[in-house]
Amino acid sequence: MTATSPDLDSLLPRLGELRGALAQAVVGQQAVVEQLLIGLLAGGHCLLEGAPGLGKTLLVRSLGQALELQFRRVQFTPDLMPSDILGTELLEEDHGTGKRAFRFQQGPIFTNLLLADELNRTPPKTQAALLEAMQERTVSYAGTTYTLPSPFFVLATQNPIEQAGTYPLPEAQLDRFLLHVRVDYPDEAEERDILAQTTGSHSGTVPTVMDAEAVKALQAAVRDVHVSPDLLTWITRLVRASRPGDGAPAEVNNWIKWGAGPRAGQSLVLASKARALLHGRFAATREDVQALAAPVMRHRLLLSFAAEAEQKSADDVITALLRTVPFPA
């Protein structure tokens with residue numbers, strides 16, 4: 001399917017319907033909704049960070065209902081084992097012959113849309129099992145490889161407030177997430193609407209507007225969205241400028257210990273393509289890159305001690321990069 005095929009022309013309006021469907025259950029959080037849809041269209045996974053009670057679970061469940069995708073939620077705890085997510089083998093007996101055989105019982109990861117709630121509360125061994133499946137889209141058990149359903153989309157959450165009893169994700173594992181989405185408190189008008197909508201007798205229902213095949217068709221179309229050579233050069237320079245060294249901006253040399261790798265550039269290109277398609281365009285623009293630079297790069301930058309001492313964030317560095325790295329003339 002090309003970016004101008006008739007099938008795609010019929011699918012694009014349904015992206016607007018998808019936004020409307022989510023708005024019936026989720027009040028506000030328009031930027032968060034857009035970034036999740038971008039992650040879905042780009043075929044990547046999203047890490048959501050926000051305080052409890054901001055509607056992260058509701059948003060993911062509503063997305064699964066609107067897309068007619070199978071949805072499962074796993075609450076990550078310190079005693080969770082890899083087999084609790086991936087599955088395990090069960091010994092079964094054939095009552096007719098008396099023979100026994102092992103059968104693989106699939107775990108909750110065999111779904112289209114997985115909410116990994118509080119991922120940083122589980123030990124590294126279990127984190128690694130999930131993140132391997134995210135990267136390969138397969139699960140290997142007892143010498144057999146099982147393919148995960150398509151599309152497969154992981155939304156992991158972590159609480160930025162509580163640090164006791166948590167196992168922060170290493171940078172190499174954070175790099176597996178396409179976007180790091182910040183979920184902030186709603187404004188006063190949105191919070192009033194939330195109170196009104198959730199305390200009455202009628203709760204918002206989410207209509208189904210798209211099936212799995214339509215999602216896969218849109219994901220394929222994202223790859224055909226045009227990125228100009230100048231834009232590709234700018235993205236490359238932005239990512240390379242995030243690494244400390246000669247020629248890097250002063251903010252990078254002062255506040256960054258390790259910069260973003262090539263996967264950040266790949267993610268920024270794909271996310272920009274997905275945002276363009278979400279807005280009904282078949283070519284990515286500088287605006288797409290500027291809107292997604294922070295969600296794509298903030299979890300791929302390792303801050304130095306000086307940055308922490310000066311209370312600087314990765315977003316401060318990304319803002320400086322967008323300001324100081326010139327667009328190719």
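I began with helix α3, residues 56-66. I found K56, L59, V60, S62, L63, G64 and A66 buried there. Just after α3, E68 takes a positive phi of about 50°. I note that this is a predicted model.

Next I looked at β3 and β4. Strand β3 (residues 87-93) pairs with strand β4 (residues 100-106) in the antiparallel sense, over seven bridges. E92 stands opposite A101 in β4. The hairpin has six residues between its strands, and G98 takes a positive phi near 80° in it.

Then I turned to salt bridges. My search of the whole structure gave 15. One of them joins the side chains of D175 and R263, at 3.3 Å from N to O. D175 lies in the loop between α6 and β9 and R263 in helix α11, so this pair ties together parts 88 residues apart in sequence. D175 is buried because its relative accessible area is 17%, under the 20% cut-off. R263 is partly exposed, at 29%.

Residues three or four places apart in an α-helix point the same way, because a turn takes 3.6 residues. E213 is exposed at 52%, while K216 is partly exposed at 28%.

R298 and D315 form another salt bridge, at 2.9 Å from N to O. This pair links distant parts of the chain, 17 residues apart. R298 and D315 are both buried.

Last, I looked for charge on the surface. D187, E188, E191 and D193 gather in a negative patch. D187 sits in the loop between β9 and α7, partly exposed at 43%.

How values were computed
Residues are numbered from 1 along each chain as its sequence is written. This is a predicted model: local features need pLDDT of at least 70, side-chain atom pairs count only at pLDDT 80 or more; totals for chains, interfaces and linings use all residues. Side-chain values use heavy atoms; hydrogens and water are left out. Patches are made of residues with over 30% relative accessible area and no salt bridge: like charges are joined within 9 Å, nonpolar side chains (Val, Leu, Ile, Met, Phe, Trp, Tyr) within 5 Å. Accessible areas come from the Shrake-Rupley method with a 1.4 Å probe; for residues, only the protein chains shown count as cover. A salt bridge is a side-chain nitrogen of Lys or Arg within 4 Å of a carboxyl oxygen of Asp or Glu. Lys and Arg count as positive and Asp and Glu as negative; His and the chain ends are not counted. The place of a charge is taken as NZ of Lys, CZ of Arg, CG of Asp or CD of Glu. Helices (H or I, at least four residues) and strands (E, at least two) are DSSP runs, numbered from the N terminus. Buried means under 20% relative accessible area, exposed over 50%, partly exposed in between (1.4 Å probe, protein chains only). Two strands pair if DSSP finds at least two bridges between them.
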